[in-house]
Amino acid sequence: ILVPMDTKGVKVLRHLPVLRLVGADLLLGFVVVVGLVLLVVPAFVWLTWFALIAPVIKVERPSVRAAFRRSRELVRGHFWLVFCLVIPIVVGSEILAGFILSGAIWAIGDGFFVDWVGGVLSNVLTAPLFALAVVVLYFELRERQEAERAEEPAPGGTVSTA
């Protein structure tokens, strides 16, 4: 419904700093987008670099700090391969977890128990997908790294065949 403005309303609109308001809104939008990028992009990078920590710890048994270093070492040179495998699984798992939790809330109601059941159920369904992917990826990248090391010339100019 359109309501005619009185002269006071027109005067208020005339005195608004419209250009500054538009400029502030655009700047705020830009800052929000940059903030999201700075939080999301580094999170994906770190998740990619350190996706192999669990298999590294299980197979090689290093310290936690060394496992971070080893995961990063294995991913180096294969970042996009790991990224394209791990990130869709993580994002898909989170989406599936949201659907499961929503379904649990719809079926049972809201509360601590429902959150717990939804979380457990979503982890039971999605964790094996992530675990299988990173374990297979770990062994593949470890094998590639060992093959690359075997092809490197040994000190003195001879090629090692070991």
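Me: Where is Arg 70 placed?

Reply: Arg 70 belongs to helix 4. Keep in mind that this is a predicted model.

Me: Is Arg 70 buried or exposed?

Reply: Compare the relative accessible area with the cut-off, which is under 20% for buried. Arg 70 has 14%, so this arginine is buried.

Me: Which residues does Arg 70 touch, leaving out those up to four places away in sequence?

Reply: The contacts are Val 56, Glu 60, Arg 142, Gln 145 and Arg 149. Of these, Gln 145 is itself buried, in helix 6.

Me: What elements does the protein have?

Reply: There are six helices and zero strands. Read from the N terminus on, the order is α-α-α-α-α-α.

Me: Where does helix 6 bend, and by how much?

Reply: The bend is at Thr 126 and amounts to about 35°. A proline, Pro 128, follows within four residues.

Me: Which residues of helix 6 are buried, and what covers them?

Reply: The buried set is Val 114, Gly 118, Ser 122, Thr 126, Ala 133, Val 134, Leu 137, Tyr 138, Leu 141 and Gln 145. Thr 126, where helix 6 bends, is therefore also on the list of buried residues, being under the 20% cut-off. The cover over the buried residues of helix 6 includes helix 3, helix 4 and helix 5.

Me: Which members of the largest nonpolar core touch the most other members?

Reply: Look for the residues with the most partners inside the set. The core has 15 residues, and those touching the most other members are Leu 52, Val 56, Leu 74, Val 82, Val 86, Leu 137 and Leu 141. At least two core residues come from each of helix 3 (53-60), helix 4 (64-75), helix 5 (79-108) and helix 6 (112-151). Helix 6 gives the most, with four residues.

Me: What does Leu 137 touch, not counting residues up to four places away in sequence?

Reply: Leu 137 touches Leu 52, Leu 81, Val 82, Leu 85 and Val 86. Leu 52, Val 82 and Val 86 are also among the core members with the most contacts inside the core.

Me: How many aromatic pairs are there, and how is a pair described?

Reply: A pair of rings is described by the distance of the centres and the angle of the planes. The count here comes to nine aromatic pairs. In the pair of Trp 49 and Phe 50, the centres are 6.1 Å apart and the planes at 75°, so the pair is edge-to-face. Trp 49 is partly exposed at 23% relative accessible area, whereas Phe 50, at 18%, counts as buried.

For Phe 113 and Trp 116 the centres are 6.1 Å apart and the planes at 35°, so that pair is tilted. These two stand three residues apart in helix 6, about one helical turn. Phe 113 is exposed at 52%, and Trp 116 is partly exposed at 49%.

Me: Which residues form one aromatic cluster?

Reply: One cluster consists of Phe 44, Phe 79, Trp 80 and Phe 83.

Me: What share of the protein is buried?

Reply: Buried residues are 20% of the 162 residues.

Terms used: Residues are numbered from 1 along each chain as its sequence is written. This is a predicted model: local features need pLDDT of at least 70, side-chain atom pairs count only at pLDDT 80 or more; totals for chains, interfaces and linings use all residues. Side-chain values use heavy atoms; hydrogens and water are left out. A nonpolar core is a set of buried Ala, Val, Leu, Ile, Met, Phe, Trp, Tyr and Cys residues joined through side-chain atoms within 4.5 Å. Buried means under 20% relative accessible area, exposed over 50%, partly exposed in between (1.4 Å probe, protein chains only). Contact means heavy atoms within 4.5 Å. The bend at a residue is the angle between axes fitted to the seven residues ending there and the seven starting there. Rings of Phe, Tyr and Trp (its six-membered ring) pair if their centres lie within 6.5 Å; planes under 30 degrees apart count as stacked, over 60 as edge-to-face and the rest as tilted.
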